[in-house]
Amino acid sequence: MCIRDRAGVALLIGLPLLIGLVGFTTWRVVGAALAPVESIRSEVASIGATDIANRVPVPASGDEVAGLATTMNKMLDRLEGAQRQQRRFVSDASHELRSPLAAIRQHAEVAEAHPDRTTPRALARVVLAEEDRLERLVDDLLLLARSDEGGLGLRRAVVDLDDLALDEAHRTATPGLLIGTTGVDTTRVVGDATLLRRAIRNLVDNAARHAVRRVEVSTRTDGGTAVISVHDDGPGVPPEHRDSVFRRFVRLDDSRSTTDGGAGLGLAITRDIVAAHDGCVTIGDSPLGGAAVTIELPKREVEDRPA
C-alpha cells in the first residue's frame, strides 16, 4: 500500500473519531457552562405567584451567568417587596372601608331594636355622615391606584396657587380656629388645578385637625420655585416620623378614631400629586410650635402660557 493510500485510510478512520471527540467535548463543555442557567430556569419556573420568597442559586464563577443570577434575585426582591406592599394596602383599605359600614349597621340595628332611643332624622344624619366618609375614602383609594399605575392624567394649565390657598383657608375656617392668610402672595405654576387644590386641601385639613388655635397658610415665589407652606400650633411631627407620615394609612396616634384623625391617606396623596408635578413636600418645625409642611413646585413654562 502506498503512502497516499495509507493517508487516505488514516483520514477515513481518524477524521470521524476526531469529529466525534470534538463534538463530545463541546457537548460536555457547553453542558457544564449552561448547567447554572438551567438551574436558574428551573428555580424561576418553580416560583409561584403567591410565594416568591425563593431565590435562584448564584454560581461562584463570577461570570455573566453569575451576574444574571444576581440580577434575577434583585428583581425577585423588588417583586416580593411590591407584593408585601400590595397585601398591606389591601388589608388596610379593607379595614378602613369596614369602619363606616360597621357604624351604619350599628346605628341601624339600635334604631330597629330600640326605636324610642333615636329618631329617623338622627339616623339619617349618621348614615349621611358615614356615607360621605366612605365616599371620600373610595375617592382617595382610586386616586392612589391611578398613581400606582403610573399616571394621574395631569391636565396642565396655568394655576394661581394663591387663589387655591385662599379658597381652602376660607373653607376650613371654623369657630375657635384662626387660619391666617397674610403670607399668601401671588404665585403661579403650570399644573393640574384640581389635583393641586386637593394637595393644598389635604395640608390645610391636616393642620386644622392638629392645631390648638392657629394655622398659617402662605404662598410665595423663590426664584424658579413656587412654595406653599402650611403651619400649625399643634404637637408637631417628631423628626423620626417625618418620612413615615407620607406612607399610606400611617397615623402617629393610633388611638384616634378615623372620624377625627382621618384614614391616613391625605399626606400620601399630597406626596403623589406633588411628585407628579416634579416637586417635593417636606415637614419641619413651625415657629408657631407645631408642624410646617412645605410644597415646592417648579415654575417652568408659566411665562409662556396664558393665564
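Predicted model: local features only at pLDDT ≥ 70, side-chain atom pairs only at ≥ 80, totals over all residues.
Residues are numbered from 1 along each chain as its sequence is written, and side-chain values use heavy atoms, with hydrogens and water left out.

Let's begin with the sheet. Strands of a sheet pair through backbone hydrogen bonds, either parallel or antiparallel. Here, 5 strands make an open sheet with mixed pairing, in the order β2-β4-β5-β7-β6. The edge strands are β2 (178–184) and β6, each of which pairs on one side only. From one strand to the next, the twist averages 15 degrees; angles run from 0 to 180 degrees between N-to-C directions, with axes as lines fitted to C-alpha atoms, for helices over the stretch in contact. Two strands count as paired if DSSP finds at least two bridges between them. The strands (E, at least two residues) and helices (H or I, at least four) are DSSP runs, numbered from the N terminus.

Now step across the sheet. Strand β4 (residues 214–222) pairs with β5 in the antiparallel sense over 8 bridges, and Val215 stands opposite Asp232 in β5. Strand β5 (residues 225–232) in turn pairs with β7, again antiparallel, over 7 bridges. One spot to look for is Val230, whose bridge partner in β7 is Val293. Next, strand β6 (residues 280–285) is joined to β7 by 6 bridges, and these two run antiparallel. Here Asp285 has Ala291 of β7 as its bridge partner. The hairpin of β6 and β7 has 5 residues between the strands, and Gly289 takes a positive phi near 110 degrees in it.

How enclosed is β7? Of the 8 residues in strand β7 (residues 291–298), 6 are buried, so the strand is largely enclosed by the rest of the structure. Buried means under 20% relative accessible area, exposed means over 50%, and partly exposed is in between (1.4 Å probe, protein chains only).

On to helix α4 (residues 161–172), which has 12 residues and reaches 17 Å from its first C-alpha to its last, close to the 16 Å expected at 1.5 Å a residue. That expected span is 1.5 Å times one less than the number of residues. Its buried residues are Leu161, Asp162, Leu164, Ala165, Glu168, Ala169 and Thr172. They cover an arc of only 160 degrees around the axis, which puts them on the same side of α4; the arc is that of the directions from the helix axis to the C-beta atoms.

At 25% relative accessibility, Asp160 counts as partly exposed. Leaving aside residues up to four places away in sequence, Asp160 touches Thr187 and Arg188, where contact means heavy atoms within 4.5 Å. Asp160 and Val189 are 29 residues apart in sequence, yet 6.9 Å apart in space, C-alpha to C-alpha.

Elsewhere, Asn73 lies in helix α2 (residues 64–113). Asn73 is buried, with a relative accessible area of 12%. Not counting residues up to four places away in sequence, Asn73 touches Arg55, Val56 and Val58.
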